[in-house]
Amino acid sequence: MDTYVELDTNLPDHYRTLKDNIHRFAREVMRPTAAALDRLADPSAAIAPGSPLWDFLKQAYRLGYNKAGFPTQFGGLGLSGLGQHIYLEELGWGSADLALTVGIAGMPFGALAATGNRELVEKHVMPFVQDREAQYIGCWPVTEPQHGSDWVTGQWNREHNDLAGHVIARRDGDSYVISGQKSAWVSNGTIATHGLVILIADPSRGAVLGRGVAFVPFDLPGVSKGKPLNKLGQRALNQGEIFFDEVRIPSSYMLVAPDKPAAAAAGRGGGPNAMVGAVFTGVARAAFEIALDYSRQRIQGGKPICEHQLVQKHLFEMFTKVEACRLLSRAAITYNTDAAVPAMEYSIASKTFCTQAAFEVASDALQLLGGNGLSKEYPIEKIFRDARAALIEDGTNDVLSLVGANLVLARPS
């Protein structure tokens, strides 16, 4: 059952077709693949040769879903902000973990494309957008064993403004040499071929002012990886450690540094927070639809439980949260894709609101299914676990709320 009513009465027909196509892919490919991967006890089996993960990725790449947000001049689908939201919500409806796998895969290459450097585009971006076999997979290494959501705030006190535990790049002529460790929470970490690495680009300026972002191919000498992380939710999303031992990159691969500000295009769409908000709008919708369908079939007290007033109240509250998620997350991506300067507080609001709502809707859905909600024979228990993980990933909601509040307070009065 699909409860999605498109409220944009002027939605172009090609976006309706896009939604239908991705929805079919989500139903027929993503859901069975994610369920199979979720059942594996050993996360190493999920990335082994012959795993259904690889067949899924190949199908996604052949449909161009890995490059959905790339401009057409780079071989991408050229989706607008609205199109990207529709794409991400439908993938999230299919499975959060696989949606994030595909969404993150293009991040390093998208950032590289934003630089406009023709040599780098030809060398790295074009092979990615032409890839139909999932040979190029990106990741976004941020968290470190000693640094997690504090990366987001940049508001460390003086004692924390040191280099301990950070991945550090030191300038050496026309190169940078990178050393350090990223923690086990790097999405796509142990299967990635390239990374958009957050690091200290100028150690002389300390951990706050010296930050930077580098494009790093993982076939370079000195890059190694840990084992896949075994976790509660989003088990189909590969995550794991990455180690850098004197990894040398050309200076042109340092995309952001204190003396090299980010390209304006790099913030297009509002960043990963906005992507997560859209994905978990789809997750919330999936949970609601499962509960609604079940409530029409389950008989208690001599009638379907959807005829009991308390159940009706819960269902309508769930419906309202889903619709609120879509309006906020779509507005955030649409505005930030077109705006000259993205309003990142809206992306943060989208992430924190939509993930919290998805968790609440999944929890209510599980409750409405009663004992069946706890059974792995029903998909809601996986959705519940996936939604719980979202309150922590990509910056914990508590810390992101602090950052969002400061952005709002910084507005001119």
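Glu289 is buried, at 4% relative accessibility (buried is under 20% relative accessible area, exposed is over 50%, and partly exposed is in between, with a 1.4 Å probe and protein chains only). The side chain of Glu289 meets that of Arg285 in a salt bridge, 3.3 Å from N to O (a salt bridge puts a side-chain nitrogen of Lys or Arg within 4 Å of a carboxyl oxygen of Asp or Glu).

This is a predicted model: local features need pLDDT of at least 70, side-chain atom pairs count only at pLDDT 80 or more, and totals for chains, interfaces and linings use all residues. Residues are numbered from 1 along each chain as its sequence is written, and side-chain values use heavy atoms, with hydrogens and water left out.

**Salt bridges**

- The count comes to 20 salt bridges.
- Glu289 and Arg285 both lie in helix α10 (residues 271–297). They are four residues apart, about one turn of the helix. Helices (H or I, at least four residues) and strands (E, at least two) are DSSP runs, numbered from the N terminus.
- Arg285 is buried, at 0% relative accessibility.
- Glu289 and Arg285 also belong to a network of salt bridges.
- Asp38 and Arg385 meet through their side chains in a salt bridge of 2.8 Å, N to O. Asp38 lies in helix α1 and Arg385 in helix α13 (residues 380–390), so this pair ties together parts that are 347 residues apart in sequence.
- Both partners are buried: Asp38 has a relative accessible area of 10%, and Arg385 is at 11%.
- Arg27 forms a salt bridge with Glu28, with the closest N and O atoms 3.5 Å apart. Arg27 is partly exposed, with a relative accessible area of 41%.

**Aromatic rings**

- A search of the whole structure finds 13 aromatic pairs. Rings of Phe, Tyr and Trp (its six-membered ring) pair if their centres lie within 6.5 Å; planes under 30 degrees apart are stacked, over 60 edge-to-face, and the rest tilted.
- Phe25 and Tyr65 form an edge-to-face pair, 5.3 Å centre to centre with 75° between the planes. The pair links distant parts of the chain, 40 residues apart. Phe25 sits in helix α1, and Tyr65 in the loop between α3 (52–62) and α4 (81–94).
- Phe25 is buried at 7% relative accessibility, and Tyr65 is buried with a relative accessible area of 6%.
- Tyr61, Phe70, Phe109, Phe128, Phe215 and Tyr253 are linked by ring pairs into a cluster.

**Charges over rings**

- The charged end of Arg31 sits over the ring of Trp93, 3.6 Å from its centre. The rule asks for NZ of Lys or CZ of Arg within 6 Å of the ring centre and within 35 degrees of the ring normal.
- Arg326 lies over the face of Tyr4, at 4.0 Å from the ring centre.

**Cysteines**

- Zero disulfides are found in a search of the whole structure (a disulfide is a pair of cysteine sulfur atoms within 2.5 Å).
- Which cysteine sulfur is closest to that of Cys354? The sulfur of Cys325 is, at 3.9 Å, too far for a bond.
- Cys354 is buried, with a relative accessible area of 0%. Cys306 is buried too, with a relative accessible area of 19%.

**Surface patch**

- Val5, Leu7 and Leu327 form a nonpolar patch on the surface, with about 320 Å² of accessible area together. Patches are made of residues with over 30% relative accessible area and no salt bridge; like charges are joined within 9 Å, and nonpolar side chains (Val, Leu, Ile, Met, Phe, Trp, Tyr) within 5 Å. Areas come from the Shrake-Rupley method with a 1.4 Å probe; for residues, only the protein chains shown count as cover.
- Leu7 lies in the segment before α1 (13–38). Leu7 is exposed, with a relative accessible area of 57%.

**Backbone**

- Most residues other than glycine have a negative phi.
- Ala134 has a positive phi of about 55° although it is not a glycine. Ala134 is in the loop between α7 (118–129) and β1 (138–139). Ala134 is buried, at 8% relative accessibility.
- Glu246 also has a positive phi, near 55°. Glu246 is found in strand β7 (residues 242–250). Glu246 is exposed, at 53% relative accessibility.
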